[in-house]
Amino acid sequence: MIHFVLLISRQGKVRLTKWYSPYSQKERSKVIRELSGIVLNRGPKLCNFVEWRGHRVVYRRYAGLYFCMCIDEADNELEVLDIIHHFVEILDRYFGSVCELDLIFNFHKAYYILDEVLIAGEFQESSKRTIIRLLSTHDSMVEMAKEEATSIGNMIAQVTK
Amino acid sequence: MALSGMRGLSVFISDVRNCQNKEQERLRVDKELGNVRTRFKNEKGLSPYEKKKYVWKMLYIYMLGYDVDFGHMEAVSLISAPKYPEKQVGYIVTACLLNENHDFLRLAINTVRNDIIGRNETFQCLALTLVGNIGGREFAESLAADVQKLLISSSCRPLVRKKAALCLLRLYRKNPDVVNVDGWADRMAQLLDERDLGVLTSSMSLLVALVSNNHEAYWSCLPKCVKTLERLARNQDIPQEYTYYGIPSPWLQVKTMRALQYFPTVEDPNTRRSLFEVLQRILMGTDVVKNVNKNNASHAVLFEALALVMHLDAEKEMMSQCVALLGKFIAVREPNIRYLGLENMTRMLMVTDVQDIIKRHQAQIITSLKDPDISIRRRALDLLYGMCDVSNAKDIVEELLQYLSSADFAMREELSLKAAILAEKFAPDLSWYVDVILQLIDKAGDFVSDDIWFRVVQFVTNNEDLQSYAAAKAREYLNKPAIHETMVKVSAYILGEYGHLLARRPGYSPKELFTIIHEKHPTVSTSTIPILLSSYAKILMHTQPPEPELQNQIWTIFNKYESCIDVEIQQRAAEYFALSRKGASLMDILAEMPKFPERQSALIRKAEDAEVDTAEQSAIKLRAQQQMSTALVVTDQRPPNGMPAQPSIGPLSLVKVPSETVDSQNPGDQGLTHPNGVVYKEDPQPPSQDIIGDLLGTLSIEGPPGAVAQSPQSATYEAEGAPSAADAAALVPVGEESGSVQPIGNINERFYALCLKDSGVLYEDPNIQIGIKAEWRAHQGRLVLFLGNKNTASLGSVQALILPPTHLKMELSLVPETIPPRAQVQCPLEVMNLRPSRDVAVLDFSYKFGPTMVNVKLRLPAVLNKFLQPITVSPEEFFPQWRSLSGPPLKLQEVVRGVRPLPLPEMANLFNTYRLTVCPGLVSVIPCVSDRFMNLLNMFLLVEVELTGVPLSLV
C-alpha cells in the first residue's frame, strides 16, 4: 500500500501531503525533511526509486515538482510510478496543461482529485474519463450551491420550509 | 485557471509567495493564524462560506509546515454542514489534518455514519473516502457492516461501490474481524464477476489483503482471478478508457497477479494451463519501447508476472526463460528496469536450480556495483551477497573489498558487514579469511564493528594452523605508519597470543614485538589500552629467559596504569603487575586462550536483525518462509527468519559450571583457571549471546568451552530400524537421545516433514547440518545428502552407512572422511524400490569433532508414498474396481479416531503431498483417491476415505 503522497517543489516547498498511515505531526515533518533531502539531491537519469527506512519511495519529477509516493518493499514499484503519471495526466487534463501555480492556488482541488485516484493508499480508478466527469459534477455542484445561496427566491424558499 | 474561486484565500497565498524570506513568511502566517483564531472564537458571526475559507487557509498553513494546533473542531464540524460545498471542505480538511488516533474524530463518527447510510450518493462518497483514508479501529467496529452493504448492494452505482471496497479494506486492516470469512468468501467471489473495471480494481485490492492473511477461505476466487487476468492480457472486452498507453489497466493486471501469489498452488490443471499461457504471453510479448510511460506500464505487468512464475514453480524451461529476461534487464541502460532486474534476480535466488544461470551474469552485476545511482548499487550488493557461494566467494568478496575504498559512507557499514559474513561463510581456506578481514579493517576501520574483529580472533584461536600466519599478518599491518585503532586491537591481541610462535624469525623477538605494539600506544583510546596491557603481559610471559630491560619497561607501564581512572585498565594493570612477579606460575595463568565454543556468528545474527521488517506480510516473504527448507540446503546455512535461531550455545549453557568445578574436573588441563590472568570475582550471568558474549564469554571464567568437548563421551541417538506396522504415516518413535551434542530441532518432525516434501533439513546439531534433496521417478529415486560443517574446525572420521530394508536397493556414493571447516559436501544416493513395503531405510551417520564422537541413526524419507505415481480415474472407473476387490489382504480397513477435522481442500492437499490424486467429481462425502503404484509392478492402489463415518480403507 501507499503510506503517503508528497509533492515537493525543487526549492523544497511542500505542495501537497497525504498520509494513509498514521503519522503524528512530528513524524510528518521529520519525514518531509528527510525525504526532500534525499529526493531533491538525486541527479537526473537515475532510477525513480529510493530506499528509505525499510520502505521504497517512488518519485518522479515534472518540471520543478517532485511527486513522491512511499510504499512497502515488496510492492510493485513500476505500478506506483504509473499511478503518479496517471495522477499527473488527470491534473493536466483538468487544469489544461497544469503548472505548479495551478496546484498552489488550487491545492484544495488537488486534494479532491487525489481522493478520486487513491483511497486507503490503494489505487481506485484507472479511467481518466470517469474521474474528469466526476470532477466537473463536483464543480457544478459547488457553483450551484453558490447561486442558490445568492438567489432571493431560494432564500424565501428556505424560510418557508 | 489559477483562481481558486475564493478571493481571500488567493490573496493570502499570493502574500505568502511574495515574502522575501522565511522570517517575513512567518510573520504573515502568524498574522493570518491570529486572524483565523479570533474569527473562530466568535463562531456565530461566521457564514458557511467564511468558515470554509478559514479552514482552507488553515490547511494551507499546515502544509507549509507550521503547527496548527487549533481549529480542528471547526474542520470536523463542517462535516455536518447540510450543503455540499461546506461538507466537502470539512471532509477533505479533516482527512488531511487529523490521523486515526485523534480524539476529535470520534465526534464525527455519527455524522459520517449518517452520510454513509443516507440516500445522497455524493455524501456517501465523501464519507467513504474519509473513513478509507483515516478510519481507525472504532470506525471499523461501528461502520464495517454498513460499508459492506454498500459494496454488495445492487442499487448502488459503481462510483460508490468502488469507494466502499477500499474503505472496507482499510477497516479490515484496522480490525480483521470485521470481515466475517464464512459469509464473505462467496460475496468476494461474486464481486470478481463485476463488469465495472473501477469496482473490480478496488475489489481486487480488497481480495489481495484478504488472501494475504487467509487464502484457504478464498479458493473459489482463484479461477476468477485467472479469468480476469486472461481477459485483460488478451484485451478482450476492455473499454478504451480503461487502457493506459494501450495496455489494459496495468494496475488491475498487477493486482490480480499479486492475489494469485498468495495461493500456494494452482491445482486445477485447466486453470493452471490457462494461467501459464497468459504468463507466457506476458513474458514473451513485452518489448522495450521508446515511450517511457508505456514502458513503465508494460514492465510493471511483466515484473509481476515474473514474480508469479517464480511463485508457481514453473517448469525449468520457463524459469530459465525468466532468468534470461532478467539477465537482459540488468544490462539495459534504462535505470528503472535495471534496478528491478537486480531486485528480482535476488528474489529468484530463492528458486532452486537457477543459481548457476544467475552466476553467469556475475560480471554484469559487478558493473552495477559501480553505478552512479546508489539505489542500483544497493540492489547489486544485495544480489551479490545472495548469490555468493563457495565457488565464487573469492571473486565477489575481493570485488566488495575493492569497492569499499570508493563506496559512499552510507553503504560502507553494510558493505563491510556483508563482506565479512561472506568471507566467513564461504572461505575456501582460512588464511584467506584472515586476509579479508584484516584488509577490511585496514580499508574501512570506522565501519567495521567490534563483532567483526571478535570473530576473526575466534577463528584464529580455534585453528592452530592459522595462528602463526595471522601473527605474521598482524605484524605486517603494524609496520604501517597510520593504522586504524581496530587494527591495533586485533594485531595486539593476535601478537600477544601467538607472536611467540614466530620468535625465531627476525623481527619477532619479544622486545621487537613489544616495541612495535607500544609505538601505537599514544594514539589509542581507553578501550584499546586493556588489550594492549594483556598483550604486554603475554609477551612478558613468553620471554624466556626473562629480559630485565623489557621487564622493567613493561612494569613501568603497569605501574603507570595502576592509578588509572578507568577501572578496567586499573584492575588489569594491578593484576598483571602482581602476577608477573610470581615468575613461573605466570606461565599457567597467562597460557594461551582455550578454543571458543562454536556459536552462530554474531555477524549473521546482526544481519538478520537488520532484515526484520515491519511491513505487512508480503507474498514474497510468505514464499520465503515456505521455501526456507530448500534455501537452507542450497545456501548452506542462512537461518530462516521465522525459525527461532537457537544457536549452538544451547548445549553449552546447559553445562555451564563455576570455574572451581571445572578446575577439579580438568586438573591437568593446562591450568586454565584464569585464562587471561584476570580474576573476575563475580560472574552471575549465564553466557550471554550478545556481541560481548561472543568473545568475552570465555575471557571471563565460565566453564571453559573445552570442557564439553573434552569429555570423551560419544553421543548416540538410537533410531529404531524396524518400523512398527501401526500406521503408514507415523512410522517409528525415535529413542531418547543422550550425550553431549544435542540435535537442533526435533529429528522426528524433520523426518515427517521430509516424508511430505522433497527437500529440507534431515538433521542438525551444533556441528553439522544434513540437508536432503530428492527426485523421484517411478520406482527409482535420487537423493542428495548435503553435509554441511558449521564449524570453524574440520570434522573428522565422517562415516555414513546406509542400512536399507530388504525392499530397497540403495547405493551411496563415497563420503569423504573429513569435512573442511564451513564447507558443504554433497553425496548422491541412488534408491531403487523392489517391492512395496512400509519399512524404512536408516542412515547411520557418525563424525568426530575434537575428541567427541557423535553417532546418529536417521530415518531416510524414502518412504512408500514417494514411489507412487498419481493417475486420474473417473468415479465410473473407480467404483467397479473398488467393488471387485473382496477383502483382506487385498482390501484393508482402518478406522482412525480423534483426527483433527480438516477442511476439504486441505485434506485434498494432504493427499496430494502423499502423491495420491483425489478423483474429480466426488465431492464432500466420499472423495476417492486412486493411484498407480510403480510402473514396474503395475499395481494399483485405491484408497477410499469416508469423511463422515471416518473409515479409512486401504487396498
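The model is predicted.

Two packed helices are described by the angle between their axes and the distance between the axes.

| Helix pair (chain B) | Residues | Distance between axes | Crossing angle |
|---|---|---|---|
| α12(B) and α13(B) | 222–233 and 250–260 | within 10 Å | roughly 150° |
| α24(B) and α26(B) | 450–462 and 485–498 | within 10 Å | roughly 15° |
| α25(B) and α27(B) | 464–479 and 510–520 | within 10 Å | roughly 50° |

The axes of α12(B) and α13(B) cross at roughly 150°. Angles over 145 degrees count as roughly antiparallel, and α12(B) and α13(B) are therefore described as roughly antiparallel to each other. Their crossing is left-handed. On the side of α12(B), the contact is made by B:Leu222, B:Cys225, B:Val226, B:Thr228, B:Leu229, B:Leu232 and B:Ala233. On the side of α13(B), the residues in contact are B:Leu252, B:Gln253, B:Thr256, B:Met257, B:Ala259 and B:Leu260. Sorted by class, this contact of α12(B) with α13(B) has 10 nonpolar and 3 polar residues, and no charged residues.

For α24(B) and α26(B), the crossing angle is roughly 15°. Angles under 35 degrees count as roughly parallel, so α24(B) and α26(B) are roughly parallel to each other. The crossing of α24(B) and α26(B) is right-handed. Helix α24(B) contributes B:Asp450, B:Trp453, B:Val456, B:Val457, B:Val460 and B:Thr461 to the contact, while α26(B) contributes B:Thr486, B:Lys489, B:Val490, B:Tyr493 and B:Tyr498. The classes in the contact of α24(B) with α26(B) are 7 nonpolar, 2 polar and 2 charged residues.

The crossing of α25(B) and α27(B) is left-handed. Here B:Arg475, B:Leu478 and B:Asn479 of α25(B) meet B:Leu513, B:Ile516, B:Ile517 and B:Lys520 of α27(B). By class, the contact of α25(B) with α27(B) has 4 nonpolar residues, 1 polar residue and 2 charged residues.

**The interface of chain A and chain B**

The size of an interface is often given as the accessible area lost when the parts come together. Between them, chain A and chain B bury about 6700 Å², of which 53% is on carbon and sulfur atoms. In terms of residues, 72 of chain A are in contact with 83 of chain B.

**Salt bridges**

Side chains of opposite charge can pair when their charged atoms come close. Over all chains, a search of the whole structure finds 55 salt bridges. Across the interface of chain A and chain B, 10 salt bridges are found. The side chains of B:Arg379 and A:Glu51 also meet in a salt bridge, with an N to O distance of 2.8 Å.

Within chain B, the side chains of B:Glu32 and B:Lys57 form a salt bridge at 2.9 Å, N to O. B:Glu32 lies in helix α2 (residues 22–41) of chain B and B:Lys57 in helix α3 (residues 48–63) of chain B, so this pair ties together parts that are 25 residues apart in sequence.

Technical notes:
Residues numbered from 1 in each chain as written. Chains lettered and ligands numbered in written order. Predicted model: local features only at pLDDT ≥ 70, side-chain atom pairs only at ≥ 80, totals over all residues. Heavy atoms only, no water. Axes fitted to C-alpha atoms, helices over the stretch in contact; angles between N-to-C directions. Helix = DSSP H or I, 4+ residues; strand = E, 2+ residues; numbered from the N terminus. Parallel < 35°, antiparallel > 145°, perpendicular 65-115°, else oblique. Left-handed = near helix turned anticlockwise from the far one by under 90°. Contact = heavy atoms within 4.5 Å. Nonpolar A, V, L, I, M, F, W, Y, C, P; charged D, E, K, R; others polar. Buried area = accessible area lost by both parts, 1.4 Å probe. Salt bridge = Lys/Arg side-chain N within 4 Å of Asp/Glu carboxyl O.
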